[in-house]
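Visitor: Could you take me through this model term by term, setting each value against the criterion behind it?
Guide: Gladly; please have the sequence and the coordinates open first.

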Amino acid sequence: MIDRTRRVLTERVWPAAEVATAPLTVTARSLPGEPEPFDRATDGEFAPTRVGDPWGPAWTTTWFRVRGEAPANWADRVGAEGGVLRTVAALDIGFDADAGPGFQCEGLVFDTDGQILKGIHPRNKAVAVRGPSVDLFVEAAANPDVAAAAFRPTHLGDGIAPDGPPLYTLKRADLALVDPGVEALAYDLDVLLGWAERLPADRPRRGRVLTALAGALDALDLDDVAGTAAAARAELADVLAQGAEPSAHRVAAVGHAHIDSAWLWPTRETVRKCTRTFSNVIALMDDYPELRFACSQAQQYAWIEQSQPDLFASITKAVDRGAWIPAGGMWVESDTNMPGGEALVRQFVHGKRYFAERFGVEPEEVWLPDSFGYTAALPQIAKLAGYRWFVTQKLSWGAPNNKFPHHTFWWQGIDGTRLFSHLPPVDTYLSELSAAELDHAVTNFADHPAASTSLVPFGHGDGGGGPTALMMERARRQADLEGSPRIEHATPEEFFRTAEAEYPDAPTWVGELYLEAHRGTYTSQAATKRGNRRSEHLLREAELWSAVATVRYGVPYPYEALDRIWKTVLLHQFHDILPGSSIAWVHREAVAAYEEVRQELEGIVGAALDVLAGEGSTPLAFNAAPTTASGVPALGAASPAAAAAQAVAVTQDGGAVVLDNGVLRVAIDAHGVASSVVDLRHGRELVLPGRRLGELVLHQDLPNAFDAWDLDEHYRGSGRVLDDLDELRVERDDDGGATVVVTRTFGRSTATQRTTLRAGAATLDYETEVDWHEAERILKVAFPVDVRTDAAASEIQFGHVVRPTHSNTTWDAAKFETCAHRWVHVGEPGFGVAVANDATYGHDIHRVEPDDGARPGTEVRLSLLRAPRYPDPEADQGTHRFAYQLVSGAEIGDAVDAGYRLNLPLRERAGAAPVAPLVTVSGLGPAGDRHGVVVESVKLAEDRSGDLVVRLYESLGARTRARVAWDHESLGATGATVVDLLERELEPLADARTGTELELRPFQIVTLRIHRSPGLEEEIG
């Protein structure tokens, strides 16, 4: 019966829904360059074309004009059950039924006045026609199906190739007369067939469904489907009317259309994908007012607001009536592992502010279904931005042997903050509300019987058009159906309020939500990652020095420029851009955007420093880091202290070199690698016996799938140390330091490593330049240190996490590659080692158990470069530069300092006099100056009031007390308050004109708003 029903539904019922057709006349105009607006695109010659003609070289646009008249006799026809027939334009511009929606050609339909009607997609090809005649324009995008390469190398993502062969063929352009009664029978059969396939054989319900299907097919005349559809539906009525069990699981159905802001297409195409999908949803809402459509990513709304104001107005009206839900509140659905702390804050600040200003709404759920793991800093950041809830789907992609144990849970971050969280058990954010998916959601749900509600996001994503009529009809039939979970259309807020009230004592998951997949994204596309790191730190400098220049000298604060630049950086933190998993076109544009950001921010910083330094010849060094450096105060400028340390002594013996500065003695062997590093203060050798520090190691890197995404553990078996030399030389530095310079050639690539010991320093500094031309390889740099520890600390946003270095459990073993920001630290009681970096995120840190029974140690390895072939077959090819630093005898605080100093080097220039910091922090506890309180940002308030905003956090994981003081005379400070991340008051501070004392819990973030005299906004605007 199941096979019979499937065949009848597919081959007879669905085709019978079209009772008559008439061809349309088609003309076309091909545009090879960038997309053009309607007026320009349609103001030109359209050539005759017809069904069967090819069109569209990759990434070009073809405009079709379709015209025609309905036959006169259509007006008198009626359908099944006497229903009114409807006329549609049935358009197929070349869709592949086997390819996923959103990964091939797409179309946007306009009327002759340029008004958008809807998008057309592989599973939504019909456009409603009012009246007997039709005259429509279709903007058809010839997007290549990069995914069709089955995740194998393809150059389809390189960019526009207007002279290439056509990719698509116009398949259909007809008027069609559609019978809603036959469609209704098709929907009935679809739902019951789905449950007949899923219900267990011993369930009475399955037998009743099969009997009903048999009766329906017996009542159906296959040569007169329309005439017998009513009789067939009558056979199904009873089983469709049987309500769900009282204990049935409840599903909150949330319409959705996950649209990657870039991936296998450039951002310019995302704008059009949003236009097509959003217009499609607006049109669907007319027929299905119960639909609730959740849409995140303020950036996408901003694109539509700028490019399609009429569509944006329709969205605004849908928001006002509660049908369209601005969800999530981030600027984009960003990666959360690699963006810096302040950048994650700004994702929420810019997104929430946009939603509040445009729609008057403030989402309370963090909506990140597809990002590649979630930092343990996120709960606190989200809570301080006004969020209560968190939803993701991506954890279901993890290894099956370590299945995440909950679907509804409390997620606790590094500071103790909790978010009520949900992982939809349907295991997709692209549900079609099929019986199979709904049954999986119920049987997969891990929190029975304590909870009985889950969320199902449904709709085709990535330009596939979002929800469809089929999905909505399935929802209607399964809303209260025996054997099915109950389906209720809901907003994310409605779901979370219900779920939290039902399950307030849900279990707690502590720490990061580590995704046991996509570990290669910490390294792929190194130039994109370097651009992000540099942009984040330049933004810190630009805001800091501009704020000081504004407060002290009345220089206009660059609000507009900083707002625009932040949004550019935030866009490129999208979870397929920063992770390096997009086509070449996307990363080429990202690198160009970062260069523009760099130039503009350098100009802003330079202009502010010119003002602050003044005219003079006094040597000054400006320190944007939160700790002193070379006698220069944090967040201020002074003449750098003269070096009084012992210069580095250099001894050369054959090919080996020994560097000694009285703190460290470093032996560089004939291969140019440190075979011994002795900390003379502690009388301690850092190098694990038989090993060397700073070795470059090359591995094969061919994951089982998902080249740019995945780094599979089997890569470890192929490592080769690169120790062949082209050249070794020693250079002396003017400041008393010495550098060993080594050049190596391997494969088709070259690496130049500079190992520097500076006078009086407890650090070994590395600069590595790699001209990289490998394929399917990963390059790592290794630091096997003689430190025995079971755990390593890795910097994340506003703090650090501690991860095991062993593989005791499968959960431990899965973390063979992890993300860290500016530093990692391994230590024993009384002695530790830190490794800081200026652009690297991927790390592997593991215990080393020597085969000869010698004492175990710890190896810290940084992942410098990969060479995946998909989706960009030329990924990472070219020249890259890396800086990293080994810090001996380091505590966590030393690691924090090293990370900031490496990423925020002093800026030297001549000027009139030192610049006192606008804000200072001093410790009040027994630790004194090692209080661990770090200033993350100093800026002017987003509302342009002139108030100063200072964000700081506790960095060591300890309770601490500190005093924050500010230059109240320059500020004209009238007081201060503790505010949330959107700079709204949380707690007033008494007597805070000159400063305030704070008591911080471990990793706590505190944002202070220092109020200034009224009227300053006009003075500094």
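This is a predicted model: local features need pLDDT of at least 70, side-chain atom pairs count only at pLDDT 80 or more; totals for chains, interfaces and linings use all residues.

Visitor: What makes helix 9 mostly covered?
Guide: Buried means under 20% relative accessible area, and 15 of the 19 residues of helix 9 are buried. Just after helix 9 comes G360, which takes a positive phi of about 70°.

Visitor: Which residues of helix 1 are buried, and what covers them?
Guide: The buried residues of helix 1 are I2, T5, V8, L9, V13 and A16. Their cover includes strand 1 (18-23), together with helix 3 (180-198), helix 4 (204-219) and helix 5 (225-241).

Visitor: Why is R665 called partly exposed?
Guide: The class lies between under 20% for buried and over 50% for exposed; the relative accessible area of R665 is 35%, so R665 is partly exposed. R665 is found in strand 27 (residues 664-668), and, not counting residues up to four places away in sequence, R665 touches V658, L659, D660, S676, V677, V678 and L680. Its C-alpha is 26 Å from that of N903, a residue 238 positions away in sequence.

Visitor: Why does G52 count as partly exposed?
Guide: With the limits again at 20% and 50%, the 45% relative accessibility of G52 falls between them, and therefore G52 counts as partly exposed. G52 sits in the loop between strand 3 (47-49) and strand 4 (54-55), where, leaving aside neighbours within four places in sequence, G52 is in contact with T169 and L170. Along the chain G52 and G94 are 42 residues apart, while their C-alpha atoms are separated by 9.3 Å.

Visitor: What makes a set of residues a nonpolar core?
Guide: Its members are buried residues of the nonpolar kinds, joined through side-chain atoms within 4.5 Å. The largest such core has 193 residues, of which W324, L948 and W966 touch the most other members. Helix 16 (residues 584-613) supplies the largest share of this core, 12 residues. Apart from it lies another core, of 48 residues, including L664, V785, V787 and I845.

Visitor: With which residues is L948 in contact, leaving aside its neighbours within four places in sequence?
Guide: The contacts of L948 are A547, L918, V919, V938, K939, L940, L971, L1008, R1009, I1010 and R1012.

Visitor: Why is the protein called as compact as a globular protein of its length?
Guide: The protein has 20 helices and 53 strands. For its 1021 residues the globule rule gives 31 Å, and the radius of gyration, 32 Å, is close to that value, so the protein is as compact as a globular protein of that length. Its C-alpha atoms fill a box of roughly 100 × 70 × 60 Å along the principal axes.

Visitor: How much of the protein counts as buried?
Guide: Of the 1021 residues, 61% count as buried, while the accessible surface comes to about 36,400 Å², with 49% of it belonging to carbon and sulfur atoms.

Note on methods. Residues are numbered from 1 along each chain as its sequence is written. Side-chain values use heavy atoms; hydrogens and water are left out. Buried means under 20% relative accessible area, exposed over 50%, partly exposed in between (1.4 Å probe, protein chains only). Helices (H or I, at least four residues) and strands (E, at least two) are DSSP runs, numbered from the N terminus. Contact means heavy atoms within 4.5 Å. The radius of gyration is taken over C-alpha atoms; the globule rule is 2.2 Å times the number of residues to the power 0.38. Accessible areas come from the Shrake-Rupley method with a 1.4 Å probe; for residues, only the protein chains shown count as cover.
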